[in-house]
Amino acid sequence: MTDTTPGASPTPEPAGSTPAPSPAQGIGAHGADAQAVDPQEVDGPSVDQDTRADLQRLSTEIHKGVVGQDAAVTSLVVALLCRGHVLLEGVPGVAKTLLVRSLAAALDVRMRRVQFTPDMMPGDITGSLIYDNTTSDLVFREGPVFTNLLLADEINRTPPKTQSALLEAMEERQVTVDGASRPLPDPFLVIATQNPLEFDGTYTLPEAQLDRFLLKAVMPLPDREVEVGVLRRHADGFDTTDLAAMGLGPVVDVPSLHRAQQDVSQVVAEDPVVQYIVDVCRATRRSPSLSLGVSPRGAIALLRTSRAWAYLTGRDFITPDDVKMMAPATLSHRVRLTTESELEGTQVESVLAATLASVPVPR
C-alpha cells in the first residue's frame, strides 16, 4: 500500500501515479497561486541555489517509494526545513511507514519505529539506567528516541504519562534521565500517527502536546486512479522492504539540510504579512465556532511553515498566499470546536477557511 497524505485539509486531487515535481502542488488548501519563480529574479537574502534544488528534488525522490501523495511528502519536507514535527492521522493500511522510510532513505539518516501500546513506560522511549555487570555501575541505555526520524506509531494508544515523555524531546531536543540531560541527534523529527476511527483503548492527546506538532496531515484512502497505480507497481514486483531496488537513494545530506534550514530562517517576512498572520490567528480566538483558538506558538509556527513553503517554491520572501496555503495544515490541530459546532457536524477545515476569508489580505 502507499500513502495518501494531503496537508491537513481539503487538497487538490492526487496527480495519479506519477509525482508532480513542483512543491506548489503539494499542500493545497486555499489560494494555490504561489508558483515557483526564477531565483535570479528575486531580491532578498543570498541562498544556496544548489541546496534549494536538492531540497526540491527530495520530494521527487520520495515518490520513487510512494505513489502520488504530493501533499504528504511536502508536509514532511516543510517540517524538516522548519525543524518541526508532524502528526499523521489516517486509517491503517495507507503506508504511513513506507512514507517515512522513503524519507529516511532519501536523506540517508537513521529511522526507528515505535509501536505505542497501553503498557509502554516513559523509559521505553527515552532510555533508562541499567546495571552493568562488567563495571558494577549503572549505565545509560539509549531509547529509540535517539535517532533522526522517529515514527511514533499510534501514539494515542499509550497513556499520557508515556506520551509526555516525548514533550521534552520534541521541544528541547534532549531527554533528561536521572537528572542528566542528553542531547538528541540532529536532525531530529518525530512523525506520530493516530487512527481517527478507533477510540477504544486510546488516550486523547492533550492540547499541550498537539501544539508541539508543527503540522497535521490527514490521510484519507487513495482515489481509484492512485490505487490502481499502487497495484500496478506491486504487480511489477515492487518490494516495500527493498527501496533501493526502486532506485531510491540519498539526494540530500545532513550538511545540505542544515544549510537549507538556515536559508529558510532568512526568508523575508515583511511587516504587513507578519501582521496578517497575527490577524488570522487572533480571528480564530474570536470565532463563535471554536472554544480554543490559535496560541502565539501557533502563529510562530505559521510564520515558519510559510517561510519554508516560499523557499520550496523558489522565493526568498513570503506572501499572503503562502500563509493561506500553510494555514490549514499548521493550525487545524491547534483549535477546538465548541460542543454545539461538533453536534452540528461542523468541520475544523471549514471554520479555518471562513476565518481566512474574513481577514483582510494586505496588498
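**View 1. Helix 10 and helix 11 cross at roughly 140°.** In this close-up of a predicted model, the axes of helix 10 (residues 271-286) and helix 11 (residues 296-312) come within 9 Å, where axes are lines fitted to C-alpha atoms, for helices over the stretch in contact, and angles run from 0 to 180 degrees between N-to-C directions. Helices (H or I, at least four residues) and strands (E, at least two) are DSSP runs, numbered from the N terminus. Helix 10 and helix 11 are therefore oblique to each other, given that angles under 35 degrees count as roughly parallel, over 145 as roughly antiparallel, 65 to 115 as roughly perpendicular and the rest as oblique. I277, C281 and R285 of helix 10 meet P296, A299, L302 and L303 of helix 11, contact meaning heavy atoms within 4.5 Å. The residues of this contact divide into six nonpolar, no polar and one charged (Ala, Val, Leu, Ile, Met, Phe, Trp, Tyr, Cys and Pro count as nonpolar, Asp, Glu, Lys and Arg as charged, and the others, Gly among them, as polar).

**View 2. Helix 2 packs with helix 11 at an angle of about 110°.** The axes of helix 2 (residues 70-82) and helix 11 are 9 Å apart, and the two helices are therefore roughly perpendicular to each other. On the side of helix 2 the contact is made by T74, V77, V78, L81 and C82, while helix 11 contributes R304, T305, A308, W309, Y311 and L312. These residues divide into eight nonpolar, two polar and one charged.

**Notes to the views.** Residues are numbered from 1 along each chain as its sequence is written, and side-chain values use heavy atoms, with hydrogens and water left out. In this predicted model, local features need pLDDT of at least 70 and side-chain atom pairs count only at pLDDT 80 or more, whereas totals for chains, interfaces and linings use all residues.
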